[in-house]
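Okay, thanks everyone, let's get going.

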Amino acid sequence: MTTSQADFRDRQFLAVIGDEDSVTGLLLAGIGHVTPPPDNQKNFLVVDAKTDNAAIEAAFERFTTERKDIGIVLINQHIADRIRHRIDTYTQAFPTVLEIPSKDHPYDPEKDSVLRRVRRLFGE
Amino acid sequence: MEGLLFNVNNGYIEGIVRGYRNGLLTGTNYTNMTQCETIDDLKLQLGPAYGDFLASLPPNPSTSSLAAKATDKLVSEFRYVRANAVGSLAKFMDYVTYGYMIDNVALLITGTLHERDTRELLERCHPLGWFETMPVLCVATNIEELYNSVLIETPLAPYFKGSLSHQDLDELNIEIVRNTLYKNYLEDFYHFVNSHPDMAGTPTAEVMSELLEFEADRRAINITLNSFGTELSKADRKKLYPNFGRLYPEGTLMLSRADDFEGVRLAVDGVADYKAFFDAAGLGGGPGGPGNMAGGTGSDGRSLEDMFYQKEMEIAKSAFTRQFTYAIVYAWVKLREQEIRNITWIAECIAQNQKERIGNYISVF
Amino acid sequence: MSGAADREAVFPTRQSLGIMKAKLQGAQTGHDLLKRKSEALTKRFREITRRIDEAKRKMGRVMQIASLSLAEVTYAVGGNIGYQIQESARSARFRIRAKQDNVSGVLLPAFESYLTEGNNDFAMTGLGKGGQQVQRCRETYARAVEALVELASLQTAFVILDEVIKVVNRRVNAIEHVIIPRTENTIKYINSELDELDREEFYRLKKVANKKQRDTAADFAEMKKRKEEREDENQAPEQEAQAGPADILAAEEDEDVIF
């Protein structure tokens, strides 16, 4: 716990991996951030049918491991499903990974990594 | 007089378009659609009107693909009509597409500004605004090249020339660029219908003037309302108002001076229709106030935009009461667009399980 | 024997017995305290879990409302603004900061959202058409994101608490099932070893005492014999022969009594 305490102070952004509508909506809310040049790193990734899983994983890796300024990673549930093994093995407290519903895929609590852990813990 | 020779060239088109108009969904159709429980039900309801176009959709399609298919139908019908049009009607229909072209060019400008691969953007472009040389624009890697290609390759050149330089594209907000183009486009279109020998003094000029004037006023009012709280200065704002319309010139002048919702209301006081809209919407306090469409708090009141759409549809509907006019093509496109919006809205309400607001569509038939 | 392996390697001395007893005492106190901590954390944990469950379900609804408001924008603008929005994103207006919350000595971080002033990337979006819907949609989404941030805090707390509770429970179990039995075993071992030593010591002492007694008896007999010899130097030697065997018998009888 000691490392994370110093760690999370700088985490002031949210990141999002989602379909176009989710990303647009969240950007409208004002979470979009592009780091100053020359990096020009975005904190969002639009995923469509053409995006391959490797790109999603890479973005997930970048948001959760490499970048130290992200506190919450939002990911559409149907996209999380595509890299489910990564999500399920992700146990760090920071940044928090949150599965969110998308417009065309209603939220299914059964699939959520955290909720499944909850269930498992209480043997429900 | 105009009735004498109209049918020589345009009788077939008029017949087709009137046929299309009769194919528009009616109030009964909408009522049935709002009863649907799933998108599949909705698809079934749309069957008679959209049959072939929806056939390729998977079960329970997303609302966006539904909207895309519905648009496909409009596009294919429009292309058919355009292919059969000759003379001044063909030119008129080109004018109709320029509006979409502006949106597409604005999209390409955005992409070029951010050094994206603009080829990917082509599929995002509105198909009605497609012009043959559009892929050429994607070759441009910087704004200056793009600006030159737009001038050379697109019919939009006159709208750029004189009011926007290539530095402007770089420096101005894309919305200002877009609205400047649109203003020039509306003025040009207005001038076209009122000066072309085939149209001047005919019902076309009459009806189209009404439609375009309404469009001009709506844009002026919207720009004013939406500019509050942004860095858009009053002088810049004034440049975006089209120089015609029922509000022009006094109302427009007052709009340019307006500081708040109240100012806009005063500016439009002279036009009874708009005054009525503002009186109805004014209770809500305008933008940023407790808007009646604010998320989740479904209320039966309608927003200003809704009322503008309603008005536009009514004007478009009444266009069909006139004979021997090109305006029915424009009116039909607008009506069909609204129909697509309605379908999307209803589908969206069904998909998001928000039935209480499903009635927010606009139907005039 | 399993018991032999399950004790600490100590010399069975009284001093280490004392140390072990103190250790047992400590372990028991520690066990009680940790158990109580674990219970407190678990209580909090269950509460958080329940709230997560609720919040996750609520989130579905909140996001639906938000999606609908985006649909409204699409409706009003009459086209897709996604690309333009993505390209005009510059600097985050909606940010989060973390604060801490102390639960039974565990620091739980909680996110707090705030809006930075002055940077509005999308002020002009929908200028000509639908601008009001865009603004409303932004508010709706901002509210939705607030709910998401709250949920994220809960989830972080969940992950951290889960970890902490696991550690605490591991400690409690270690103390309960390993340290305490082992210490008890060690004490038992020391005690038995000490008893054994005691018995050996006792036997040794007995042996020594016995030897002493025998020696004394022998000395006594010697002295007596010498005295008699001196007295009876002149007396008949058969008398001496008689006394000798009788003495030996008596001594044997003595030994019998002892064992």
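So, start with chains C and A: 51 residues of chain C are in contact with 49 residues of chain A, contact being heavy atoms within 4.5 Å. Quick housekeeping: this is a predicted model, where local features need pLDDT of at least 70 and side-chain atom pairs count only at pLDDT 80 or more, while totals for chains, interfaces and linings use all residues. Residues are numbered from 1 along each chain as its sequence is written, chains are lettered from A and ligands numbered from 1 in the order in which they are written, and side-chain values use heavy atoms, with hydrogens and water left out.

How much area do chain C and chain A bury between them? About 4400 Å², with 69% of it on carbon and sulfur atoms; buried area here is the accessible area (1.4 Å probe) that two parts lose on being put together, summed over both. On the chain C side, Lys56(C), Gln86(C) and Ile96(C) lose the most area to chain A, together 13% of what that side buries.

For polar contacts (N or O atoms within 3.5 Å; within protein, one able to donate a hydrogen and the other to accept it, and sequence neighbours only if both atoms are side-chain atoms), we get 11 residue pairs between chain C and chain A, both residues at pLDDT 80 or more. The largest share of chain C's side, 17 residues, comes from α4(C), helices being DSSP runs of H or I, at least four residues, numbered from the N terminus. Salt bridges, meaning a Lys or Arg side-chain nitrogen within 4 Å of an Asp or Glu carboxyl oxygen, come to 0 there.

Now chain B against chain A: 8 residues of chain B touch 5 of chain A, burying about 490 Å², 24% of it on carbon and sulfur. Arg116(B), Arg124(B) and Gln352(B) supply 48% of the area chain B buries against chain A, more than any other three residues. There are 2 salt bridges between these chains, and one of the pairs joined this way is Glu20(A) with Arg124(B), at 3.0 Å, N to O.

Definitions and conventions: Helices (H or I, at least four residues) and strands (E, at least two) are DSSP runs, numbered from the N terminus.
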